[in-house]
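My notes follow in the order I took them.

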Amino acid sequence: MKIAILDDYFDTLRTLPCFAKLAEHEVAVWNDHLQDIDRLAERLADTEALVLFRERTQIRTPLLERLPRLRLISQRSVYPHIDVETCTRLGIVVSSFQHPDTPSFAAAELTWGLVLAASRRIPQQMAALQAGKWQMGVGTTLRGKTLGIYGYGRIGATVAGYGQAFGMRVIVWAREATRARALDDGLEVAASKEAFFADCDVLSLHMRLVEATRGIVAADDLARMKPSAILVNTSRAPLIAPGALLRALQAGRPGMAAVDVYEKEPVLDPRDPLLTLPNIVCTPHIGYVSRDEYEIQFADIFDQVVAYAVGTPTNVVNPDVLDHAQR
């Protein structure tokens with residue numbers, strides 16, 4: 001099959017052991033990022049299988065309808081960037097392994113890295129050194145503080161464990177069934193959402209972005225946080241109401257934030273208001289961006305391509321398509 005891989009910014013996939021899984025296929029790897037429909041349609045005109053890096057490129061109906069040879073989209077995890085109904089109508093199989101038993105340890109580790117960076121003001125201290133200054137302020141120790149986990153899924157549970165290892169009190173807020181699971185794991189559950197935001201010294205968001213969670217963190221929630229508190233978001237920016245985080249940081253509640261995700265990505269303007277704040281640590285959506293994580297993810301993604309090529313598609317999220325999938 002003719003396979004196209006989009007958005008491999010640093011040409012990493014060719015260097016991974018799992019890339020050998022595609023040895024019998026014709027593979028084109030693109031290292032830039034395009035969202036222009038005309039240019040993408042031209043680039044992918046002969047593509048039969050499309051491999052995606054999560055949500056870097058939007059695969060919407062206007063593009064899909066201009067790709068008559070496309071038969072498979074293979075990726076991993078959630079797929080809000082793909083018009084699945086259109087794929088079904090056009091006979092395009094969408095395969096996406098949901099890895100129900102394995103968290104992204106890369107994302108969990110980055111989350112904890114951001115917690116440490118924000119609590120000790122590591123980027124600001126480095127900037128001071130680079131500017132010829134010795135120390136720019138005083139940080140905060142994590143031991144004995146309260147870590148809040150909002151959304152107790154696979155990554156949230158892993159981050160909770162990191163907090164316990166650092167001697168933190170860990171409390172959880174989530175939907176009722178998830179709170180029950182946290183209790184079963186021996187963790188404390190907040191009395192209410194209001195108490196949760198008021199009590200936490202570090203509050204980390206760990207939810208999927210669906211309609212029910214869009215804007216689930218409101219301006220009033222942020223206003224309840226301590227002036228000394230840190231909000232961490234490595235999940236999805238729209239979990240927070242639009243513009244609410246910027247206004248909250250400007251108002252000083254919470255006093256600090258550490259984020260890996262943004263309302264519009266990529267963020268390429270260094271004058272973006274969020275990036276110019278002194279009380280924030282920012283990374284460019286790199287939660288899953290590690291060689292080890294890529295090997296895990298793309299081994300699954302390439303297995304899906306190989307399975308389709310031999311007539312046994314796996315992890316199909318639109319099973320109705322199998323009655324009329326393109327061949």
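I began just past the end of α5. G132 follows this helix, and its phi is positive, near 85°. I kept in mind that the model is predicted.

Next I went back into the helix. Which residues of α5 are buried? I found Q124, Q125 and A128 buried in α5, which spans residues 122-130. These residues sit on the same side of α5, because they cover an arc of only 100° around the axis. I recalled the general rule: an α-helix has 3.6 residues a turn, so residues three or four places apart point the same way. Then I checked the other side of α5, where L129 and Q130 are exposed. For scale, exposed here is over 50% relative accessible area, and buried is under 20%.

What covers the buried residues of α5? The cover includes β11 (256-259) and β12 (280-282). That sent me to the sheet.

**Sheet order**

I traced seven strands in an open sheet. I wrote the order down as β8-β7-β6-β9-β10-β11-β12, with parallel pairing. Which strands are at the edges? I noted β8 (188-189) and β12, each of which pairs on one side only. I then looked at how β12 is held to its partner. β11 and β12 pair in the parallel sense over three bridges. In this pair, A258 stands opposite V281 of β12.

I also looked up a helix on the sheet. α6 (residues 154-165) packs there and touches β6 (146-150) and β7 (169-173). I noted about 175° between the direction of α6 and that of β6.

**Strand β10**

I then checked the neighbours of β10. β9 (residues 202-205) runs parallel to β10 and is joined to it by four bridges. I found N233 of β10 as the bridge partner of L205. Four bridges also join β10 to β11, again in parallel. Here I230 stands opposite M256 in β11.

How does the chain get from β10 to β11? I followed it through helix α10 (residues 244-251). I logged this β-α-β crossover as right-handed. That brought me back to β11, part of what covers the buried residues of α5.

Notes
Residues numbered from 1 in each chain as written. Predicted model: local features only at pLDDT ≥ 70, side-chain atom pairs only at ≥ 80, totals over all residues. Heavy atoms only, no water. Buried < 20%, exposed > 50% of the residue type's maximum accessible area, 1.4 Å probe, protein only. Helix = DSSP H or I, 4+ residues; strand = E, 2+ residues; numbered from the N terminus. Arc of directions from axis to C-beta. Contact = heavy atoms within 4.5 Å. Pairing = 2+ DSSP bridges. Axes fitted to C-alpha atoms, helices over the stretch in contact; angles between N-to-C directions. Right-handed = clockwise from strand over helix to strand, strands pointing away.
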